[in-house]
Amino acid sequence: MLSPSSLRCSRRVPRQLIRSFATEHTVSSSTSSTTTTAEDLPRLPKHSSRPRTRLNPSPRSPGPTSTWSQARPFLPPNFGQNQLLSVSNSTRALLEDIVAQFQAPIRYAFAYGSGVFEQDGYASMKEEGKTPMLDFMFAVRHPDHWHSINMGQFPGHYPLHARALGSDFVSKVQDIGPGVWFNTFVTVNDVTIKYGVTSIDNLCSDLLTWQSLYLAGRMHKPLRIIRDDARVRLTQQVNLTSALRTALLTLPPNFTETELFENITAISYNGDPRMILPAENRSKISNIVKNQSPQFKELYQRLAIGLPGVHWSSYSSKIEQDMSPHTRAAHIKKLPFNLRTRLASRYSARAAIPPKEADESAFWLKIAGDKDLENVLQSEMSAIVRYPAAVQTAKGIVSAGIGKSVRYSAEKIGKWWKGK
(Lines give C-alpha, C1' and ligand atoms only; values in the text may rest on other atoms or scores of the structure.)
Protein backbone atom coordinates (compact mmCIF):
# COMPACT_ATOMS: atom_id res chain seq x y z
CA MET A 1 0.00 0.00 0.00
CA LEU A 2 1.13 3.54 -0.55
CA SER A 3 2.29 5.31 2.59
CA PRO A 4 0.74 8.72 3.39
CA SER A 5 4.12 10.43 3.66
CA SER A 6 5.05 9.31 0.17
CA LEU A 7 1.70 10.32 -1.31
CA ARG A 8 2.30 13.90 -0.17
CA CYS A 9 5.26 13.88 -2.55
CA SER A 10 3.03 12.77 -5.41
CA ARG A 11 0.81 15.85 -5.04
CA ARG A 12 3.72 17.99 -6.15
CA VAL A 13 3.96 16.08 -9.44
CA PRO A 14 1.97 17.60 -12.35
CA ARG A 15 -1.17 15.61 -13.06
CA GLN A 16 -0.41 15.42 -16.77
CA LEU A 17 2.90 13.66 -16.08
CA ILE A 18 1.21 11.11 -13.84
CA ARG A 19 -1.60 10.48 -16.35
CA SER A 20 0.92 10.05 -19.18
CA PHE A 21 2.27 6.95 -17.47
CA ALA A 22 -1.08 5.52 -16.35
CA THR A 23 -1.99 2.19 -17.93
CA GLU A 24 -5.73 2.00 -17.39
CA HIS A 25 -6.66 3.20 -20.87
CA THR A 26 -5.81 -0.03 -22.71
CA VAL A 27 -6.76 -3.60 -21.87
CA SER A 28 -4.26 -6.21 -22.96
CA SER A 29 -5.24 -9.81 -23.62
CA SER A 30 -2.17 -10.85 -21.69
CA THR A 31 -3.67 -9.45 -18.52
CA SER A 32 -6.97 -11.28 -18.72
CA SER A 33 -5.57 -14.31 -16.93
CA THR A 34 -3.41 -12.34 -14.50
CA THR A 35 -5.88 -9.74 -13.29
CA THR A 36 -4.64 -8.21 -10.06
CA THR A 37 -7.07 -8.73 -7.19
CA ALA A 38 -7.17 -7.14 -3.77
CA GLU A 39 -5.39 -10.22 -2.49
CA ASP A 40 -2.45 -9.57 -4.84
CA LEU A 41 -1.94 -5.94 -3.87
CA PRO A 42 0.98 -5.12 -1.54
CA ARG A 43 -0.21 -5.00 2.06
CA LEU A 44 0.27 -2.36 4.69
CA PRO A 45 3.22 -3.07 6.98
CA LYS A 46 2.34 -5.16 10.02
CA HIS A 47 3.16 -3.12 13.09
CA SER A 48 4.00 -4.54 16.46
CA SER A 49 1.64 -4.01 19.39
CA ARG A 50 4.57 -2.83 21.47
CA PRO A 51 4.63 0.86 22.43
CA ARG A 52 6.30 3.28 20.01
CA THR A 53 9.78 3.88 21.42
CA ARG A 54 13.18 4.92 20.12
CA LEU A 55 14.00 1.22 19.72
CA ASN A 56 10.67 0.44 18.06
CA PRO A 57 10.03 3.41 15.72
CA SER A 58 7.45 1.72 13.48
CA PRO A 59 5.30 4.35 11.76
CA ARG A 60 1.67 4.49 12.86
CA SER A 61 -0.99 3.34 10.43
CA PRO A 62 -2.91 6.21 8.78
CA GLY A 63 -6.05 7.16 10.65
CA PRO A 64 -9.31 8.62 9.30
CA THR A 65 -7.92 12.16 9.57
CA SER A 66 -4.66 11.39 7.72
CA THR A 67 -3.69 12.89 4.38
CA TRP A 68 -4.19 9.48 2.71
CA SER A 69 -7.76 10.21 1.65
CA GLN A 70 -6.83 13.72 0.58
CA ALA A 71 -3.86 12.70 -1.59
CA ARG A 72 -5.26 9.55 -3.16
CA PRO A 73 -7.43 11.28 -5.85
CA PHE A 74 -4.27 12.80 -7.38
CA LEU A 75 -3.20 9.35 -8.61
CA PRO A 76 -5.42 7.68 -11.22
CA PRO A 77 -7.04 4.52 -9.79
CA ASN A 78 -5.04 2.17 -12.00
CA PHE A 79 -1.83 4.14 -12.22
CA GLY A 80 1.16 1.82 -12.59
CA GLN A 81 -1.07 -1.26 -12.51
CA ASN A 82 1.38 -2.96 -14.86
CA GLN A 83 3.92 -3.03 -12.00
CA LEU A 84 1.72 -5.22 -9.78
CA LEU A 85 2.76 -8.64 -11.02
CA SER A 86 0.94 -11.65 -9.63
CA VAL A 87 2.57 -14.53 -7.77
CA SER A 88 1.04 -17.59 -6.15
CA ASN A 89 -0.70 -17.10 -2.81
CA SER A 90 1.92 -19.19 -1.02
CA THR A 91 4.79 -17.12 -2.49
CA ARG A 92 3.01 -13.86 -1.69
CA ALA A 93 2.41 -14.91 1.92
CA LEU A 94 6.01 -16.08 2.31
CA LEU A 95 7.48 -12.82 0.98
CA GLU A 96 5.19 -10.62 3.07
CA ASP A 97 5.85 -12.63 6.25
CA ILE A 98 9.62 -12.31 5.78
CA VAL A 99 9.49 -8.53 5.29
CA ALA A 100 7.13 -8.20 8.27
CA GLN A 101 9.84 -9.59 10.56
CA PHE A 102 11.95 -6.43 10.15
CA GLN A 103 11.24 -3.89 12.89
CA ALA A 104 13.14 -1.06 11.18
CA PRO A 105 10.77 1.01 8.97
CA ILE A 106 10.85 0.13 5.27
CA ARG A 107 9.35 2.60 2.78
CA TYR A 108 9.48 0.39 -0.31
CA ALA A 109 10.32 -3.29 -0.66
CA PHE A 110 10.39 -5.74 -3.52
CA ALA A 111 11.53 -9.31 -4.14
CA TYR A 112 13.19 -10.39 -7.36
CA GLY A 113 15.18 -13.16 -8.99
CA SER A 114 14.74 -16.86 -9.59
CA GLY A 115 13.30 -17.45 -6.13
CA VAL A 116 10.26 -15.32 -7.01
CA PHE A 117 9.81 -15.78 -10.76
CA GLU A 118 11.04 -19.02 -12.28
CA GLN A 119 14.07 -18.90 -14.57
CA ASP A 120 15.09 -21.47 -17.15
CA GLY A 121 17.92 -23.73 -16.06
CA TYR A 122 16.82 -24.25 -12.44
CA ALA A 123 15.10 -27.62 -12.98
CA SER A 124 18.15 -29.49 -11.67
CA MET A 125 17.95 -27.58 -8.38
CA LYS A 126 14.34 -28.67 -7.89
CA GLU A 127 15.25 -32.27 -8.64
CA GLU A 128 17.91 -32.09 -5.94
CA GLY A 129 15.41 -30.60 -3.50
CA LYS A 130 17.16 -27.20 -3.46
CA THR A 131 15.52 -23.80 -3.74
CA PRO A 132 17.11 -20.55 -4.94
CA MET A 133 17.97 -17.93 -2.34
CA LEU A 134 15.28 -15.24 -2.09
CA ASP A 135 16.47 -11.75 -3.07
CA PHE A 136 14.98 -8.56 -1.58
CA MET A 137 15.62 -4.84 -1.92
CA PHE A 138 14.57 -2.38 0.81
CA ALA A 139 14.38 1.39 0.28
CA VAL A 140 14.49 3.31 3.56
CA ARG A 141 14.40 6.96 4.55
CA HIS A 142 17.40 7.14 6.91
CA PRO A 143 19.91 4.31 6.29
CA ASP A 144 22.08 5.05 9.34
CA HIS A 145 19.09 4.88 11.70
CA TRP A 146 17.69 1.86 9.85
CA HIS A 147 20.90 -0.15 10.19
CA SER A 148 21.13 0.80 13.86
CA ILE A 149 17.69 -0.71 14.54
CA ASN A 150 18.28 -3.70 12.27
CA MET A 151 21.69 -4.43 13.79
CA GLY A 152 20.04 -4.56 17.21
CA GLN A 153 17.37 -6.96 15.98
CA PHE A 154 19.50 -9.11 13.66
CA PRO A 155 23.17 -8.75 14.71
CA GLY A 156 24.03 -12.00 12.93
CA HIS A 157 23.10 -10.46 9.58
CA TYR A 158 26.22 -8.27 9.77
CA PRO A 159 29.87 -9.39 9.84
CA LEU A 160 31.80 -8.94 13.08
CA HIS A 161 33.75 -5.87 11.90
CA ALA A 162 30.52 -4.11 10.83
CA ARG A 163 28.95 -4.72 14.24
CA ALA A 164 32.09 -3.43 15.95
CA LEU A 165 32.23 -0.24 13.85
CA GLY A 166 28.49 0.40 14.04
CA SER A 167 25.70 1.61 11.80
CA ASP A 168 27.54 4.81 10.87
CA PHE A 169 30.26 2.72 9.21
CA VAL A 170 27.68 0.57 7.44
CA SER A 171 25.80 3.57 6.03
CA LYS A 172 29.04 5.16 4.81
CA VAL A 173 30.07 1.97 3.01
CA GLN A 174 26.55 1.76 1.60
CA ASP A 175 26.92 5.22 0.03
CA ILE A 176 29.95 4.15 -2.01
CA GLY A 177 29.24 3.35 -5.67
CA PRO A 178 25.59 2.58 -6.47
CA GLY A 179 24.51 3.18 -2.86
CA VAL A 180 23.50 -0.31 -1.71
CA TRP A 181 24.47 -2.48 1.28
CA PHE A 182 23.78 -6.23 1.00
CA ASN A 183 23.32 -8.74 3.80
CA THR A 184 23.61 -12.16 2.19
CA PHE A 185 23.09 -15.78 3.25
CA VAL A 186 20.99 -14.83 6.27
CA THR A 187 18.03 -16.78 7.61
CA VAL A 188 14.61 -15.26 8.30
CA ASN A 189 11.61 -17.48 9.05
CA ASP A 190 13.81 -20.51 8.27
CA VAL A 191 14.35 -19.21 4.72
CA THR A 192 17.76 -18.21 3.33
CA ILE A 193 17.62 -14.72 1.87
CA LYS A 194 19.79 -11.87 0.62
CA TYR A 195 18.58 -8.31 1.06
CA GLY A 196 19.91 -5.00 -0.12
CA VAL A 197 19.35 -1.67 1.61
CA THR A 198 19.35 1.71 -0.12
CA SER A 199 17.89 5.13 0.52
CA ILE A 200 14.57 6.07 -1.05
CA ASP A 201 16.22 9.14 -2.59
CA ASN A 202 19.01 7.10 -4.17
CA LEU A 203 16.52 4.63 -5.61
CA CYS A 204 14.30 7.30 -7.18
CA SER A 205 17.33 9.17 -8.52
CA ASP A 206 18.68 6.10 -10.32
CA LEU A 207 15.24 5.26 -11.72
CA LEU A 208 15.01 8.74 -13.25
CA THR A 209 18.59 9.47 -14.34
CA TRP A 210 20.27 6.04 -14.74
CA GLN A 211 23.23 7.42 -12.83
CA SER A 212 24.51 3.91 -12.08
CA LEU A 213 21.80 1.68 -13.62
CA TYR A 214 22.42 -0.68 -10.69
CA LEU A 215 18.98 -0.32 -9.16
CA ALA A 216 17.16 0.88 -12.29
CA GLY A 217 18.49 -2.11 -14.22
CA ARG A 218 17.23 -4.57 -11.63
CA MET A 219 13.81 -2.98 -11.86
CA HIS A 220 13.65 -3.38 -15.64
CA LYS A 221 12.90 -7.05 -14.98
CA PRO A 222 9.88 -8.68 -13.27
CA LEU A 223 9.69 -8.15 -9.52
CA ARG A 224 7.13 -8.52 -6.79
CA ILE A 225 6.29 -5.36 -4.84
CA ILE A 226 5.79 -6.08 -1.14
CA ARG A 227 5.59 -2.54 0.25
CA ASP A 228 4.61 0.20 -2.12
CA ASP A 229 5.36 3.91 -2.31
CA ALA A 230 3.78 6.52 -4.59
CA ARG A 231 7.05 8.27 -5.38
CA VAL A 232 8.73 5.02 -6.39
CA ARG A 233 5.66 3.91 -8.35
CA LEU A 234 5.89 7.07 -10.46
CA THR A 235 9.66 7.00 -11.00
CA GLN A 236 9.55 3.27 -11.79
CA GLN A 237 7.00 3.96 -14.53
CA VAL A 238 9.45 6.48 -16.00
CA ASN A 239 12.24 3.90 -15.69
CA LEU A 240 10.26 1.22 -17.55
CA THR A 241 9.42 3.66 -20.35
CA SER A 242 13.08 4.68 -20.61
CA ALA A 243 14.08 1.02 -20.96
CA LEU A 244 11.52 0.65 -23.76
CA ARG A 245 12.79 3.70 -25.64
CA THR A 246 16.39 2.56 -25.31
CA ALA A 247 15.63 -0.96 -26.53
CA LEU A 248 13.64 0.36 -29.50
CA LEU A 249 16.64 2.43 -30.59
CA THR A 250 18.74 -0.77 -30.77
CA LEU A 251 16.18 -2.86 -32.69
CA PRO A 252 15.23 -3.11 -36.41
CA PRO A 253 11.82 -2.11 -37.88
CA ASN A 254 10.37 -5.59 -37.24
CA PHE A 255 11.21 -7.78 -34.27
CA THR A 256 9.67 -10.17 -31.75
CA GLU A 257 8.69 -9.52 -28.17
CA THR A 258 11.39 -11.97 -27.06
CA GLU A 259 14.02 -9.83 -28.78
CA LEU A 260 12.60 -6.75 -27.05
CA PHE A 261 12.65 -8.38 -23.63
CA GLU A 262 16.20 -9.68 -24.10
CA ASN A 263 17.41 -6.22 -25.16
CA ILE A 264 15.80 -4.67 -22.09
CA THR A 265 17.29 -7.31 -19.79
CA ALA A 266 20.73 -6.86 -21.35
CA ILE A 267 20.83 -3.15 -20.41
CA SER A 268 21.98 -3.91 -16.86
CA TYR A 269 24.21 -6.88 -17.76
CA ASN A 270 26.29 -5.45 -20.62
CA GLY A 271 29.36 -3.95 -19.00
CA ASP A 272 28.97 -5.87 -15.73
CA PRO A 273 32.39 -7.39 -14.92
CA ARG A 274 30.68 -10.54 -13.63
CA MET A 275 29.56 -11.36 -17.19
CA ILE A 276 33.21 -11.36 -18.31
CA LEU A 277 34.71 -13.11 -15.28
CA PRO A 278 33.55 -16.59 -14.22
CA ALA A 279 31.01 -15.05 -11.85
CA GLU A 280 27.66 -15.19 -13.65
CA ASN A 281 25.75 -17.60 -15.87
CA ARG A 282 26.48 -16.67 -19.51
CA SER A 283 22.90 -17.69 -20.42
CA LYS A 284 21.45 -15.45 -17.72
CA ILE A 285 19.59 -13.11 -20.08
CA SER A 286 17.87 -15.84 -22.11
CA ASN A 287 17.13 -17.83 -18.94
CA ILE A 288 15.31 -14.85 -17.42
CA VAL A 289 13.25 -14.04 -20.51
CA LYS A 290 12.35 -17.60 -21.51
CA ASN A 291 10.20 -18.36 -18.46
CA GLN A 292 9.11 -14.81 -17.63
CA SER A 293 7.69 -13.59 -20.96
CA PRO A 294 4.13 -13.16 -19.57
CA GLN A 295 5.45 -10.94 -16.77
CA PHE A 296 7.58 -8.92 -19.19
CA LYS A 297 4.56 -8.41 -21.46
CA GLU A 298 2.47 -7.26 -18.50
CA LEU A 299 5.17 -4.72 -17.61
CA TYR A 300 5.77 -3.28 -21.06
CA GLN A 301 3.01 -3.97 -23.61
CA ARG A 302 0.60 -1.21 -22.60
CA LEU A 303 3.44 1.27 -22.20
CA ALA A 304 4.86 0.37 -25.63
CA ILE A 305 1.68 0.99 -27.60
CA GLY A 306 1.55 4.48 -26.08
CA LEU A 307 4.90 5.40 -27.67
CA PRO A 308 5.02 7.00 -31.12
CA GLY A 309 5.40 4.65 -34.07
CA VAL A 310 5.06 1.36 -32.13
CA HIS A 311 2.55 -1.27 -33.32
CA TRP A 312 2.12 -4.28 -31.05
CA SER A 313 -1.10 -6.25 -31.03
CA SER A 314 -2.14 -7.88 -27.78
CA TYR A 315 -2.64 -11.11 -29.71
CA SER A 316 0.74 -11.13 -31.42
CA SER A 317 4.36 -11.61 -30.42
CA LYS A 318 5.55 -9.53 -33.39
CA ILE A 319 6.24 -5.80 -33.08
CA GLU A 320 6.74 -3.07 -35.67
CA GLN A 321 8.21 0.37 -35.16
CA ASP A 322 8.66 3.56 -37.17
CA MET A 323 12.35 4.06 -37.98
CA SER A 324 12.08 7.64 -39.27
CA PRO A 325 14.64 10.10 -37.82
CA HIS A 326 11.87 12.24 -36.31
CA THR A 327 10.41 9.31 -34.34
CA ARG A 328 13.81 8.08 -33.21
CA ALA A 329 14.82 11.62 -32.24
CA ALA A 330 11.69 11.80 -30.05
CA HIS A 331 12.92 8.69 -28.21
CA ILE A 332 16.46 10.03 -27.83
CA LYS A 333 15.34 13.36 -26.36
CA LYS A 334 13.46 11.51 -23.60
CA LEU A 335 16.25 9.12 -22.61
CA PRO A 336 17.42 9.31 -18.94
CA PHE A 337 19.64 12.30 -18.20
CA ASN A 338 22.90 10.41 -17.73
CA LEU A 339 22.59 8.36 -20.93
CA ARG A 340 21.35 11.33 -22.96
CA THR A 341 24.22 13.52 -21.72
CA ARG A 342 26.83 10.87 -22.54
CA LEU A 343 25.29 10.39 -25.98
CA ALA A 344 25.37 14.13 -26.71
CA SER A 345 28.98 14.38 -25.56
CA ARG A 346 30.02 11.43 -27.75
CA TYR A 347 28.42 12.88 -30.89
CA SER A 348 29.47 16.48 -30.25
CA ALA A 349 33.04 15.46 -31.01
CA ARG A 350 32.07 14.48 -34.56
CA ALA A 351 32.58 17.12 -37.26
CA ALA A 352 29.50 15.98 -39.23
CA ILE A 353 27.16 16.70 -36.32
CA PRO A 354 25.89 20.31 -36.04
CA PRO A 355 26.49 21.99 -32.65
CA LYS A 356 23.69 21.38 -30.19
CA GLU A 357 23.73 25.04 -29.14
CA ALA A 358 23.11 26.20 -32.71
CA ASP A 359 20.11 23.98 -33.48
CA GLU A 360 19.11 21.37 -30.91
CA SER A 361 16.44 19.77 -33.12
CA ALA A 362 18.91 19.33 -35.99
CA PHE A 363 21.44 17.92 -33.52
CA TRP A 364 19.12 15.13 -32.32
CA LEU A 365 17.82 14.44 -35.83
CA LYS A 366 21.35 13.92 -37.10
CA ILE A 367 22.07 11.49 -34.25
CA ALA A 368 18.78 9.66 -34.86
CA GLY A 369 19.78 9.04 -38.48
CA ASP A 370 23.24 7.69 -37.63
CA LYS A 371 23.64 4.04 -38.64
CA ASP A 372 26.09 3.51 -35.79
CA LEU A 373 23.63 4.69 -33.10
CA GLU A 374 22.95 1.17 -31.79
CA ASN A 375 26.64 0.51 -31.13
CA VAL A 376 27.15 3.92 -29.54
CA LEU A 377 24.17 3.40 -27.22
CA GLN A 378 25.37 -0.03 -26.12
CA SER A 379 28.89 1.29 -25.55
CA GLU A 380 27.65 4.16 -23.36
CA MET A 381 25.30 1.93 -21.35
CA SER A 382 28.14 -0.52 -20.73
CA ALA A 383 30.28 2.37 -19.51
CA ILE A 384 27.54 3.45 -17.09
CA VAL A 385 27.16 -0.07 -15.67
CA ARG A 386 30.84 -1.07 -15.47
CA TYR A 387 32.22 1.04 -12.61
CA PRO A 388 29.27 0.85 -10.15
CA ALA A 389 28.97 -2.90 -10.71
CA ALA A 390 32.69 -3.39 -10.06
CA VAL A 391 32.54 -1.24 -6.92
CA GLN A 392 29.51 -3.12 -5.58
CA THR A 393 31.25 -6.45 -6.20
CA ALA A 394 34.27 -5.25 -4.21
CA LYS A 395 32.00 -3.97 -1.43
CA GLY A 396 30.66 -7.49 -1.05
CA ILE A 397 33.83 -8.49 0.81
CA VAL A 398 33.18 -5.73 3.36
CA SER A 399 29.42 -6.24 3.73
CA ALA A 400 29.38 -10.04 3.73
CA GLY A 401 32.75 -10.89 5.23
CA ILE A 402 35.33 -13.22 3.74
CA GLY A 403 33.52 -16.47 4.56
CA LYS A 404 30.19 -15.53 2.96
CA SER A 405 31.97 -13.83 0.04
CA VAL A 406 33.82 -17.05 -0.80
CA ARG A 407 30.60 -19.06 -0.53
CA TYR A 408 28.67 -16.58 -2.71
CA SER A 409 31.46 -16.49 -5.31
CA ALA A 410 31.59 -20.29 -5.41
CA GLU A 411 27.87 -20.46 -6.18
CA LYS A 412 28.23 -17.84 -8.92
CA ILE A 413 31.14 -19.72 -10.48
CA GLY A 414 29.02 -22.87 -10.43
CA LYS A 415 26.26 -21.06 -12.34
CA TRP A 416 28.84 -19.71 -14.79
CA TRP A 417 30.18 -23.22 -15.40
CA LYS A 418 26.70 -24.58 -16.11
CA GLY A 419 26.04 -21.74 -18.55
CA LYS A 420 29.24 -22.26 -20.58
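Colleague: What should I keep in mind about the model before we start?

Modeller: The model is predicted, so local features need pLDDT of at least 70 and side-chain atom pairs count only at pLDDT 80 or more, while totals for chains, interfaces and linings use all residues. Residues are numbered from 1 along each chain as its sequence is written, and side-chain values use heavy atoms, with hydrogens and water left out.

Colleague: Thanks! What makes β2 and β4 a pair of strands?

Modeller: Strands are DSSP runs of E with at least two residues, helices are runs of H or I with at least four, and both are numbered from the N terminus. Two strands pair if DSSP finds at least two bridges between them. Strands β2 (residues 134–140) and β4 are joined by seven bridges and run parallel, so they meet that definition. In this pair, Val140 stands opposite Ser199 of β4.

Colleague: And how do you know that β3 pairs with β4?

Modeller: By six bridges, in the antiparallel sense, with β3 covering residues 181–188. Val188 has Val191 of β4 as its bridge partner. The β3–β4 hairpin has two residues between the strands, and Asn189 takes a positive phi near 55° there.

Colleague: Why is β4 called largely enclosed?

Modeller: Buried means under 20% relative accessible area, exposed over 50%, and partly exposed in between, with a 1.4 Å probe and protein chains only. Eight of the nine residues of β4 (residues 191–199) are buried, so the rest of the structure largely encloses this strand.

Colleague: What makes α11 roughly perpendicular to α14?

Modeller: Angles of 65 to 115 degrees count as roughly perpendicular, under 35 as roughly parallel, over 145 as roughly antiparallel, and the rest as oblique. Helix α11 (residues 230–248) packs against α14 at about 75°, with the axes 10 Å apart, and that makes α11 roughly perpendicular to α14. Contact means heavy atoms within 4.5 Å; among the residues making it are Leu240 and Leu244 of α11 and Leu299 and Leu303 of α14.

Colleague: Which residues touch the most other members of the largest nonpolar core?

Modeller: A nonpolar core is a set of buried Ala, Val, Leu, Ile, Met, Phe, Trp, Tyr and Cys residues joined through side-chain atoms within 4.5 Å. Of its 99 residues, Phe102, Tyr108, Phe136, Phe138, Trp146, Ile193 and Leu260 touch the most other members. Helix α14 (residues 284–304) gives the most to this core, with eight residues.

Colleague: What does Leu260 touch, beyond residues up to four places away in sequence?

Modeller: Leu260 touches Leu244, Ala247, Leu251, Phe255, Trp312 and Ile319.

Definitions and conventions. Axes are lines fitted to C-alpha atoms, for helices over the stretch in contact, and angles run from 0 to 180 degrees between N-to-C directions.
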